[in-house]
Amino acid sequence: MDLKEEAPIDVVEESAPGEASDSEKIDVETIAPRDENGTLLDECRILLSNVPKFLGYKGLKSFFAKHIPNFGYKKVRQVGNIVYVSFDQAEEAKRAVEILDGQVLKKSTLKARAAPTDLKKTIEKPSSTLQLADPESLRAKTAKSIVSPLADLPYPEQITKKHEKSLDVALKLTRTMQHQQSLAKDRDLRKLVKEVVPSAIYSHYRNKNEFTVGHDLDGQICVGFVGGKFSENKHFVIPLGECNLMSTQTRKIVEDFQEFVGESGLAPFDEFARVGTWKMLTIREFSGDVMMIVTLFPLATEEKFSEVKEALAARYINLETLRTKGFRVTSLYVSVMEHAGDVLKYDLVAGAPYIYETILGCRFRVSAGAFFQTNTVATATLYTQIAKQCGLYREVSEQPYKTQENVTDDAQPAEKRMRPAENGEEAKKMVLLDICCGTGTIGQTILANYPQENAFCIGVEIVESAVADAKINAEANKLADRSCYIAAKAEDAFRSIKYYLPPGFTLENSEFIGVLDPPRAGLQNSIVVACRQLDTLKRLVYVSCDPANAMRNLSDLCRPTSNKFGGVPFSIETIQPVDLFPQTAHIEWVVTLVR
């Protein structure tokens, strides 16, 4: 098989008139200004310190409009209480330092000075990823050390580390909330942090893996993980090695795809030279279904693109691969990506358009670009914890600590441990608000395991395709008559929430419970304010895969009522860490807020 494209004609660019040749160029370090410590300074960039931490771009823009209204600044970046501002001209940067130094902003006195030069920008990039200055010094890096840094620790010690990390974040959150007067000085949120709920399995658990196609340190074609930082002009690929986060089947597909790339005659994409074809391989694996997504750099012609797709289909949508190679691909997609920020569009090449997964008795359809938790077994545990915090379930027995030897990959212990809550009193009508619901997984697993007719789920999601999937999943799980999914902003949906309630449910006779599972970056302020202003919402369960990043949202949900943050504030009741990512430093939080 040879899909090789015709070699492009080399174009040699001559220097523009008056431009210095490489031998004539002046070393920037010999002429650039320095501070009193000898640090190189950037003449067009300033550094502001002691800036209020949560001021944001709008606040800075307003401040600059008042004090340096006609200055041509082009880039503003805030890191904590430090702000970097880039100007069009060195003279403007110098003048801005003089004007802004000593100004008072929200009771903070600013300090302004010229910013140090970003030396990484002055280093010439190599012409190819194959050009590494000192490859031998990089050989100590392995996929295991990069992707699963805690792999060599016994699992109980990993859990201890994650508990300590949770306590550290809780302490920072305590100080932040006390500073904004949303937490009493004698309270310590560390006391609310529960023991980490472990994952039932801690190897071969990832159902989604993304691999880079490139060259290893020896210049050989490799499909694996990136080993160097692009910003440091080091970009190479490390083979999977001893990393055991992925399944055996996924590993076999990676090995075969690496062989396929080598046979294709098309080169891996070179990040520095910006040439080549193969960029990434993504594998999603659920209960016998395997989706393979190949990401390419744009090919020269549509004909060549068609050839590549035909070759991929012939190789991978083939029942013989199960017998001869030990893997089976059921769905094959191709996506084209020219720049890192491109929105990916998925082109179904062959096989089924979807794959399916089951959690706590509910079956979900997963499309190529849909979000789904990467550890299916631990997700059942996570959703059980969310249900507990919502008050919709009770635990009938404690989960015994599991070892890798006595747990199988398809184990879902949480499903067997949870039963509908029992209450001698007449059950009150319950409305579960699944905010940022995605394809409806959280709300539907809770609802399916709480069969009383007095419970109803309203899912809100801004992505219309995800809402369409949620409705299809609700039909498949026989929950369509007990749920409603809305494609809208949360703040808009909340204003008319009473119109989505089923017969017999009213704002007065229903207890509203919210579940928030936002993206890693957290929520926009508008959603936080909408939750605060929804008076019927008395209990809110916030789920975060990055607790440090969630601090802003949590503190805003609890800060005192103001013009910006209306509604009665919440208070944090419990913090339950759950381990979804064994062998890594990551931890999931389930935070319960009440008012």
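Student: Why is Cys545 called buried?

Tutor: Good place to start! Buried means under 20% relative accessible area, exposed means over 50%, and partly exposed lies in between, using a 1.4 Å probe and protein chains only. Cys545 has a relative accessible area of 18%, so Cys545 counts as buried. Keep in mind that this is a predicted model, where local features need pLDDT of at least 70, side-chain atom pairs count only at pLDDT 80 or more, and totals for chains, interfaces and linings use all residues. Residues are numbered from 1 along each chain as its sequence is written, and side-chain values use heavy atoms, with hydrogens and water left out.

Student: What is Cys545 in contact with, leaving aside its neighbours within four places in sequence?

Tutor: Arg520, Ile587 and Glu588. Contact here means heavy atoms within 4.5 Å.

Student: Where does Cys545 lie, and which feature does UniProt place there?

Tutor: Cys545 sits in the loop between strand S22 (537-544) and H15. Helices (H or I, at least four residues) and strands (E, at least two) are DSSP runs, numbered from the N terminus. The UniProt record, an unreviewed entry, gives Cys545 the feature "active site". UniProt annotations may be inferred rather than shown by experiment.

Student: How do you know that the span of H6 agrees with its number of residues?

Tutor: The expected span of a helix is 1.5 Å times one less than its number of residues. For the 17 residues of H6 that gives 24 Å, and the end C-alpha atoms are 24 Å apart, so the two agree.

Student: Which residues of H6 are buried, and what covers them?

Tutor: The buried ones are Gln249, Thr250, Ile253, Val254, Asp256, Phe257, Phe260, Val261 and Ser264. Their cover includes strands S7 (208-215), S8 (221-226), S10 (278-286) and S11 (289-296), along with H7.

Student: At what angle do H6 and H7 cross?

Tutor: Helix H6 (residues 248-264) and helix H7 (residues 302-316) cross at roughly 140°, and their axes come within 12 Å. Axes are lines fitted to C-alpha atoms, for helices over the stretch in contact, and angles run from 0 to 180 degrees between N-to-C directions. From H6, the contact uses Asp256, Phe257, Glu259, Phe260 and Glu263, while H7 brings Ala311, Leu312, Arg315 and Tyr316.

Student: What happens just after H6?

Tutor: Gly265 takes a positive phi of about 80° there.

Student: And at what angle do H14 and H15 pack?

Tutor: Helix H14 (residues 525-533) and helix H15 (residues 547-558) pack at about 35°, with their axes 9 Å apart. Asn525, Val528, Cys531 and Arg532 of H14 meet Arg552, Asn553, Asp556, Leu557 and Cys558 of H15.
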